[in-house]
Amino acid sequence: MNRTELTWLGYARQELVGKRRFAELIAARRYGDYKCALESFGTDKDIAELEIELVRRDGSMFDAFLRIAAVRDSQGTFLYARATVIDITARKRAEAETRIHAEQLQAISQRVVEIQEMERRNLAAELHDRLGQDLAAINLNLHLVKDQLSVRSRTKVGPRLDDSIALVERTVEVVRDVAGALRPLVLDDYGLAVTLRSYGEQFAARTGIRVTVAAKQPVPRLQQDAEMALFRIGQEALTNVLKHAKAAMVRLTLAVDAQSVSLTIADDGCGFDAQSAMDHRTRGLGLLIMQERLRAVDGSLRIESQPGAGTSVVAKVRRGR
């Protein structure tokens with residue numbers, strides 16, 4: 001045992017070398033791992049590597065990496081073992097700090113999603129309740145004004161009034177669409193299948209891309225956050241289809257089994273290299289957001305795509321969370 005190892009352990013050489021077995025320095029909770037690693041050593045294998053905890057003279061412990069190599073003579077006969085010990089306390093501390101940091105970031109990202117949904121819900125309610133009502137009142141007033149005009153006045157300003165009425169009605173539809181995109185109120189009342197069909201119809205009318213929604217009824221109701229996560233995945237996937245896929249058709253499929261509900265968004269577009277896209281260094285913001293939304297509800301995301309072969313996005317959440 002060299003001077004560095006003695007310093008780590010806090011022993012003088014005469015207290016250890018020739019006096020105690022190395023196994024006695026291993027913490028009890030890691031002794032089983034050590035014993036297991038040595039069971040086939042020297043017969044089935046000549047090298048054993050494992051992480052252990054070593055006990056210092058004062059009773060404190062530190063993390064160590066142990067590598068044991070068999071030394072043999074020219075005929076291959078086992079002579080003895082040579083061990084190398086590396087103090088990995090700093091690495092373990094860094095790993096723990098990284099894990100804590102990652103957990104904090106995940107908690108923050110989940111909270112951001114919650115706040116975002118709350119703000120979307122409030123804004124959608126404002127658009128629907130206040131702006132929608134005001135536009136309806138303006139539309140009613142314009143009709144009343146038109147009905148009260150004389151024949152001569154109606155001839156002069158009637159076309160302008162008709163144009164204003166049509167503009168208000170189009171604005172009402174736009175407000176309804178924007179409110180629905182921000183927070184689909186129909187989701188709370190009628191569930192995921194109806195909401196996806198409604199959004200798919202709006203998307204198809206706006207973009208010219210054919211959208212079909214397949215769902216075997218009845219689709220069980222999930223917790224509100226899980227249903228919203230699946231809807232947002234569908235919304236984001238359709239946005240990506242419009243931006244990148246050059247697709248003519250998209251099919252959304254809701255599938256249910258005893259343990260989970262899954263949503264598949266499949267298009268017939270140009271496709272891409274899915275493996276490269278899911279690499280953590282090259283993932284776009286859209287993919288990260290989808291993954292974070294599903295992680296927040298204990299769900300999973302899978303993307304299947306090849307250049308020229310279309311793309312399928314599969315989001316799955318567990319039932320009975």
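In this predicted model, the largest nonpolar core comprises 39 residues, and those with the most contacts inside it are L196, L230, L252, L254 and I265. At least two residues of this core come from each of α7, β4, α8, β5, β6, α10 (285–296), β7 and β8, with α8 giving the most, namely ten residues. The surroundings of L254 illustrate the packing: when residues up to four places away in sequence are not counted, L254 touches L192, A193, L196, A214, A215, K216, V219, V261, S262 and L263.

Five strands form an open sheet of mixed pairing, in the order β4-β5-β6-β8-β7. Its edge strands are β4 (210–215) and β7 (300–305), each of which pairs on one side only, and neighbouring strands are turned against each other by 15° on average, direction ignored. Within this sheet, β5 (residues 249–256) and β6 (residues 260–267) run antiparallel and are joined by seven bridges, with R251 standing opposite A266 in β6. Helix α7 (residues 192–207) packs on the sheet, where it touches β4, β5 and β6, and its direction makes about 170° with that of β4. Helix α8 (residues 224–245), in turn, lies across β5, β6 and β8 (311–318) and runs at about 10° to β6.

Three strands form an open sheet with antiparallel pairing, in the order β1-β2-β3. Because β1 (47–55) and β3 stand at the edges and each has a single partner strand, one side of each is left without a neighbour in the sheet. Neighbouring strands here are turned by 30° against each other on average, direction ignored. Helix α3 (residues 28–39) packs on this sheet through contacts with β1 and β2, its direction making about 160° with that of β1, while helix α4 (residues 89–148) lies across β1, β2 and β3 and runs at about 125° to β2.

The pairing of β2 (residues 61–72) with β3 (residues 78–87) is antiparallel and involves nine bridges.

How values were computed: Residues numbered from 1 in each chain as written. Predicted model: local features only at pLDDT ≥ 70, side-chain atom pairs only at ≥ 80, totals over all residues. Heavy atoms only, no water. Pairing = 2+ DSSP bridges. Helix = DSSP H or I, 4+ residues; strand = E, 2+ residues; numbered from the N terminus. Axes fitted to C-alpha atoms, helices over the stretch in contact; angles between N-to-C directions. Contact = heavy atoms within 4.5 Å. Core = buried A, V, L, I, M, F, W, Y, C linked by side-chain atoms within 4.5 Å. Buried < 20%, exposed > 50% of the residue type's maximum accessible area, 1.4 Å probe, protein only.
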